[in-house]
Amino acid sequence: MASPTLTITDNRTGKRYDLPIEHDAIRATDLAQIRVAPGEPGLVSYDPALINTAACKSKVSYIDGERGILRYRGYPIEELAEKSSFLETAYLIVKGELPTTSHFKMWQRNITMHTLVHESVRHFIEGFRYDAHPMGILIATVGALSTFYPEAKHVTDLESRRVQTRRLIGKMPTIAAFAYRHSRGLPYVYPDNDLSYTGNFLSMMFKMTELKYRPDPVLERALDVLFILHADHEQNCSTTTMRVIGSSLADPYSAVAGAAAALGGPRHGSANEEVVHMLHEIGSAERIPALIKQVKAGERRLMGFGHRVYKNYDPRARIIKQIAHEVFEVTGKNPLIDIALELERIALEDNYFVSRRLYPNVDFYSGIIYEAMGLPVAMFPVLFAIARTAGWMAQWAELVLDEEQKITRPKQLYLGYDERHYVPLDGRAEGGPREDAVPPGPL
Ligand code: CMC
């Protein structure tokens, strides 16, 4: 069978072009040959927010948004959430295959070996104000790690990439917990490497004067599953940021700092924080219709709802709803769950949400569980960042090894002034009604 092609007729010139189709995609660079006349600029595709542009080939995770499917390296998220652990899933994501027993033991040892941070990192964190948001502390501190490991700039060196990956996965929980302890004025708790990845994190967060912190196994497992659910998610905003920064061959600590900064926005990884604020603001089920009215009037968004890719249901939200009940058995019910369930019920019967295919996403329920576990709201995006570090590193390594990749440098459609000439300051007419009036503009 002949290779598939796309035929384009340029009605400006009447010329016909046959563009090859591979993996259901045409190459945007093939459009460049389409031009009105030699010397004129070639055609480009215009795609703000990259809604319909594939910028890489990836083998890490797969989403079918229509059917509500998420897989890591081919494995359904439901199976991993039920049977795997976060560290094993992180191995799968980073290395591409599930580990054998001996490889898993080695991986566990390699990660736990890197849970400590340099004492200067602790001093660095101490420099933040007592009320600094932990996400800001995480972003700055992880970026600062590049100064401790200057060899990380050797991004084409396999051994260096491996060590930085272990360090990042190992140290993120420590930095996160230190950020929290700092905000509470509590002494820092150093890692306890006898505990599991999530057990140790809970210890660093909550240990007080007891000699040994013993995490509740249900909560430890629930957090582990939440980490599995957040570990990777195709080319989302923060992963794209990781790849864009990585494309300049910047070191991975700087790239993770940038990715975490992207994650920190309310439309991405801080949505879980916003959901909990929103549910507290609603306070009781009777006030839901008033909120829905505001959302439909375009005054605000229903946080934790909607997704660029999932147009059916976010499979992670379904798993999280189940975990919620297990957690509440231990912690007692978080009353916000009833408001959330009612909000979901009302929204899913409303044509505004149905017609736009807006369903609860992973963040609609995750915050309620975290809150029930005693994790402070400001830590929610930080928890997301700990888990997503595995995905960021896997995607970054894929980028570094991809021979087709170059420094990211998109085009623009220039709509500004044509050439004009400089007029000295005293020759420019005042534009506004007042001499000190600032001319209108975006900044
Ligand atoms: N509440 C109300 N309306 C919404 C919402 C929402 N949460 N999300 C989208 N819409 C509307 C939007 O106003 C637009 O309507 P219209 O066509 O009338 O202008 C339509 O739905 C399409 O929205 P969009 O902004 O073009 O969709 P997008 O794919 O660019 O945005 C999103 C995806 C996740 C940023 C958005 O749904 C949103 O802001 N949701 C709330 C924040 C949130 O929960 N984020 C977490 C995402 S999942 C975790 C993660 O990956 O970070």
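The model is a predicted one, with local features needing pLDDT of at least 70 and side-chain atom pairs counting only at pLDDT 80 or more, while totals for chains, interfaces and linings use all residues. Residues are numbered from 1 along each chain as its sequence is written, and side-chain values use heavy atoms, with hydrogens and water left out.

Arg-181 sits in helix α6 (residues 158–184); helices are DSSP runs of H or I, at least four residues, numbered from the N terminus. Arg-181 is buried (under 20% relative accessible area, 1.4 Å probe, protein chains only). Even so, Arg-181 has no salt bridge, meaning a side-chain nitrogen of Lys or Arg within 4 Å of a carboxyl oxygen of Asp or Glu. The nearest side chain of opposite charge, Glu-210, is 7.8 Å off. Leaving aside residues up to four places away in sequence, Arg-181 touches, among others, Tyr-188, Met-204 and Phe-206 (contact means heavy atoms within 4.5 Å).

As for Arg-287, it lies in the loop between α11 (271–282) and α12 (288–296). Arg-287 and Leu-343 are 56 residues apart in sequence, yet 9.8 Å apart in space, C-alpha to C-alpha. With residues up to four places away in sequence not counted, Arg-287 touches Glu-281 and Ile-282.

How values were computed. Helices (H or I, at least four residues) and strands (E, at least two) are DSSP runs, numbered from the N terminus. Buried means under 20% relative accessible area, exposed over 50%, partly exposed in between (1.4 Å probe, protein chains only). Lys and Arg count as positive and Asp and Glu as negative; His and the chain ends are not counted.
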